[in-house]
Amino acid sequence: MTAIRPRTPGELRRSRRPRAHSCWDHLYAAPLWPLHGVNLGTLARTCDAVGACLTVPRFPWVPEALARGNTLRRPVCVHWTGDPLGWLAKQRAGGARIVGVELADEAVRLADLPAARQRTVMVLGHEQQGIPPEALDLLDTCVEIPMIGTGASLNVAVAGSLALYRLAGLL
């Protein structure tokens, strides 16, 4: 007999909220320059798990990517933007802390990133080019996810999920 007993589906359902959260206006995942639609659905599920909202551009393929990738029974909190730079500037002017997930000399390690204590927007760049140079000036800080392998970076869904859990105070 093992000492570890996994929780049953019923126990898990009773320990979690019964319905999708409304907009808490506290933590946002913002993949503003997405490349792969499958990553948006994965990131949407992480947003639900940590109580964050997802902000995405109004590209024609994004609604379908979210619908296909979201395997939850209920929709997640999604905010739409047309102009990523204008939206970021508005968030910053409104008092939000803007955190970019980017490889930069000034970046803090993920383990040193404090939990979000104010409205925070976590910005994710393009999967190949990263956050555009014109957006870097709108960031308050950058976070880097340490890697020891040969790859240059993680994909947007994985990097965003790690940073969201840290910002939500769950890691």
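How many residues of strand S4 (residues 97–101) are buried? Strand S4 is mostly covered, with 5 of its 5 residues buried, where buried stands for under 20% relative accessible area, exposed for over 50% and partly exposed for the range in between (1.4 Å probe, protein chains only). The model is predicted, so local features need pLDDT of at least 70 and side-chain atom pairs count only at pLDDT 80 or more, while totals for chains, interfaces and linings use all residues. Residues are numbered from 1 along each chain as its sequence is written, and side-chain values use heavy atoms, with hydrogens and water left out.

**Sheet architecture**

- An open sheet is formed by 7 strands in the order S3-S2-S1-S6-S4-S7-S5, with parallel pairing; strands (E, at least two residues) and helices (H or I, at least four) are DSSP runs numbered from the N terminus.
- The edges are strand S3 (78–81) and strand S5 (108–109), each of which pairs on one side only; two strands pair if DSSP finds at least two bridges between them.
- Strand S1 (residues 27–31) and strand S2 (residues 53–57) pair in the parallel sense over 2 bridges, and Tyr-28 has Cys-53 as its bridge partner in S2.

**Strand S4 and its neighbours**

- S4 is joined to strand S6 (residues 120–124) by 5 bridges, and the two run parallel.
- S4 is also joined to S7, again in parallel, by 3 bridges; the bridge partner of Val-101 in S7 is Val-143.
- In a regular strand the side chains alternate between the two faces of the sheet.
- In S4 both faces are covered, with Arg-97, Val-99 and Val-101 buried on one side and Ile-98 and Gly-100 buried on the other.

**Arg-97**

- Arg-97 belongs to strand S4, and its bridge partner in S6 is Thr-120.
- Although buried, Arg-97 has no salt bridge, and Asp-140, the nearest side chain of opposite charge, is 5.9 Å away; a salt bridge needs a side-chain nitrogen of Lys or Arg within 4 Å of a carboxyl oxygen of Asp or Glu.
- Beyond its neighbours within four places in sequence, Arg-97 is in contact (heavy atoms within 4.5 Å) with residues including Leu-113, Thr-120, Asp-140 and Leu-167.

**Nonpolar surface patch**

- Met-147, Leu-154, Val-158, Leu-162 and Leu-171 make a nonpolar surface patch of about 380 Å².
- Patch members have over 30% relative accessible area and no salt bridge, and nonpolar side chains (Val, Leu, Ile, Met, Phe, Trp, Tyr) are joined within 5 Å.
- Leu-154 lies in the loop between strand S7 (141–144) and helix H6 (156–167), and is partly exposed, with a relative accessible area of 32%.

Key
Patch = residues over 30% accessible without salt bridge, like charges linked within 9 Å, V, L, I, M, F, W, Y side chains within 5 Å. Areas by Shrake-Rupley, 256 points an atom, 1.4 Å probe, with all protein chains shown as cover. Lys, Arg positive; Asp, Glu negative; His and termini not counted.
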